[in-house]
Amino acid sequence: MRVIITGGAGFIGANLVHLLHRERPDWTILNIDALTYAGNLENLKELEESERYRFQQVDITDEEKVREVFAAFQPDAVMHLAAESHVDRSILDPMSFIRTNVLGTQILLNETRNLDKDVRFLHVSTDEVYGTLGATGYFTETTPYAPNSPYSASKAGSDFLVRAAFHTHGMDVVTTNCSNNYGPYQFPEKLIPLMISNAVEDKALPVYGDGMQVRDWLYVEDHCSAMLRVLEKGKAGETYNIGGNNERPNIEIVRAILSHLDKPDSLIRYVQDRPGHDRRYAIDASKIKNELGWEPSWTFEEALPKTINWYLDNRGWVERIQSGAYRDYYEEQYGKRLTD
Ligand code: NAD
Ligand code: TYD
């Protein structure tokens with residue numbers, strides 16, 4: 001089995017590459033990633049000597065390059081994770097989200113179809129496409145799309161393109177819509193790693209609005225095992241929600257981090273709310289459970305301390321991101337400069 005992973009140098013992609021390398025020893029993995037600010041090859045340094053893993057710097061919006069790489073590698077499957085992923089950045093700079101998330105996804109679909117062989121295409125999306133919930137209810141696979149941020153709107157657009165590729169061209173596509181992830185290698189602009197590193201440094205912890213927005217948190221390794229299950233067992237043209245039945249208000253997460261680190265609640269700063277901030281996300285994951293037999297393995301009580309300890313044990317990883325030194329890693333390993 002030959003698999004292309006897009007966005008494998010990012011948070012979830014790197015965790016997925018590690019999981020596949022460990023659990024599917026007869027697979028060859030090609031990671032294509034543009035190495036934007038969110039891509040960090042240090043996340044995969046243990047695999048550099050592996051004969052079953054390789055990396056190529058590819059921007060998925062570069063059609064010719066994608067065609068060349070796909071033709072040379074001849075994948076049996078594509079797992080598409082590359083994306084601009086941060087809501088706050090999408091409010092400031094929506095165009096890069098449209099380019100990568102919408103245009104990039106269509107280019108990958110085109111070049112997968114051009115291969116003229118059966119290739120399974122797993123499209124990795126988010127629960128944010130469904131918009132926001134009130135105090136009750138859950139997102140199911142039939143909840144109408146109602147994205148509220150440029151990020152979620154661009155992901156919704158990409159989901160529709162994947163749907164169209166199935167209905168129009170009969171492509172072998174599957175889509176997953178997952179809730180918020182946490183775990184190792186998450187870029188420290190997202191809630192959990194940001195709060196951990198600020199707390200460690202005795203800096204203020206910025207909580208948006210009243211801190212009572214609810215997210216449904218899933219440990220990243222569980223997301224990776226779900227993607228693998230859908231790739232191997234999912235039905236073409238279907239979408240699968242992924243979540244861990246673990247809803248928490250943001251302020252509860254922030255307090256749990258402070259308490260684990262033995263830091264005072266006085267570090268909390270309530271700041272201006274995010275424009276258009278979705279109030280609550282919650283996933284009904286019964287379809288993937290009933291049809292594919294997937295369930296999360298980690299509880300929040302186990303995986304949050306594990307995650308906090310990973311960031312404590314890997315302070316150097318965070319510091320190299322904060323200083324920008326992580327961007328030099330590519331040049332040191334590959335002897336050439338990053339092209340962007
Ligand atoms: P991330 O921002 O950590 O990583 C994204 C990766 O994509 C980076 O390595 C970046 O260099 C790469 N990339 C960006 N633009 C690219 C381009 N034009 N060409 C090639 N590579 C490019 O994101 P993440 O949190 O790991 O998310 C991965 C996927 O999972 C995304 O599609 C996201 O929408 C989805 N998702 C994320 C979450 C979450 O909680 N983080 C939840 C559900 C779904
Ligand atoms: P984030 O990690 O950006 O994920 P998403 O917006 O995709 O859900 O944010 C998670 C929640 O935490 C969200 O409700 C916004 C909130 N948040 C803060 O309160 N402060 C922060 O500094 C950040 C980054 C997020």
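How far from a polar backbone atom of A34 is a nitrogen atom of ligand 1? The separation is 3.0 Å in this model, which is predicted.

Seven strands form an open sheet with parallel pairing, in the order β3-β2-β1-β4-β5-β6-β11. From one strand to the next, the twist averages 20 degrees.

Within this sheet, β1 (residues 2-6) pairs with β4 (residues 77-80) in the parallel sense, over four bridges. In this pairing, V3 stands opposite A77 in β4.

Two helices may be described against the strands. Helix α2 (residues 63-73) lies across β1, β2 (28-33), β3 and β4, and runs at about 175 degrees to β2. Helix α4 (residues 94-113) also packs on the sheet, where it touches β1, β4, β5 (120-126) and β6 (173-178). The direction of α4 makes about 170 degrees with that of β5.

**Ligand surroundings**

Ligand 1 is surrounded by 28 residues, of which I12, D33, S85, Y151 and K155 are the closest. Around ligand 2 there are 17 residues, and E128, P206, R215, R274 and H277 come nearest.

| Residue and atom | Ligand and atom | Distance |
|---|---|---|
| I12, polar backbone atom | ligand 1, oxygen | 2.8 Å |
| A34, polar backbone atom | ligand 1, nitrogen | 3.0 Å |
| I60, backbone N or O atom | ligand 1, nitrogen | 2.9 Å |
| E128, side-chain N or O atom | ligand 2, oxygen | 2.6 Å |
| N180, polar side-chain atom | ligand 2, oxygen | 2.9 Å |
| N250, polar side-chain atom | ligand 2, oxygen | 2.9 Å |

For ligand 2, E128 is one of the nearest residues, and its side chain supplies the N or O atom that lies 2.6 Å from a ligand oxygen.

**The α10–α11 pair**

Helix α10 (residues 300-313) packs against helix α11 (residues 315-323) at an angle of about 70 degrees, the axes being 4 Å apart. The two helices are therefore roughly perpendicular. W310, Y311, L312 and D313 of α10 make the contact with R315, W317 and V318 of α11. By class, the residues of this contact comprise five nonpolar, no polar and two charged.

Technical notes
Residues are numbered from 1 along each chain as its sequence is written. Chains are lettered from A and ligands numbered from 1 in the order in which they are written. This is a predicted model: local features need pLDDT of at least 70, side-chain atom pairs count only at pLDDT 80 or more; totals for chains, interfaces and linings use all residues. Side-chain values use heavy atoms; hydrogens and water are left out. Axes are lines fitted to C-alpha atoms, for helices over the stretch in contact, and angles run from 0 to 180 degrees between N-to-C directions. Angles under 35 degrees count as roughly parallel, over 145 as roughly antiparallel, 65 to 115 as roughly perpendicular and the rest as oblique. Contact means heavy atoms within 4.5 Å. Ala, Val, Leu, Ile, Met, Phe, Trp, Tyr, Cys and Pro count as nonpolar, Asp, Glu, Lys and Arg as charged, and the others, Gly among them, as polar. Two strands pair if DSSP finds at least two bridges between them. A residue is near a molecule or strand if one of its heavy atoms lies within 4 Å of it. A polar contact is a pair of N or O atoms within 3.5 Å; within protein, one must be able to donate a hydrogen and the other to accept it, and residues adjacent in sequence count only if both atoms are side-chain atoms.
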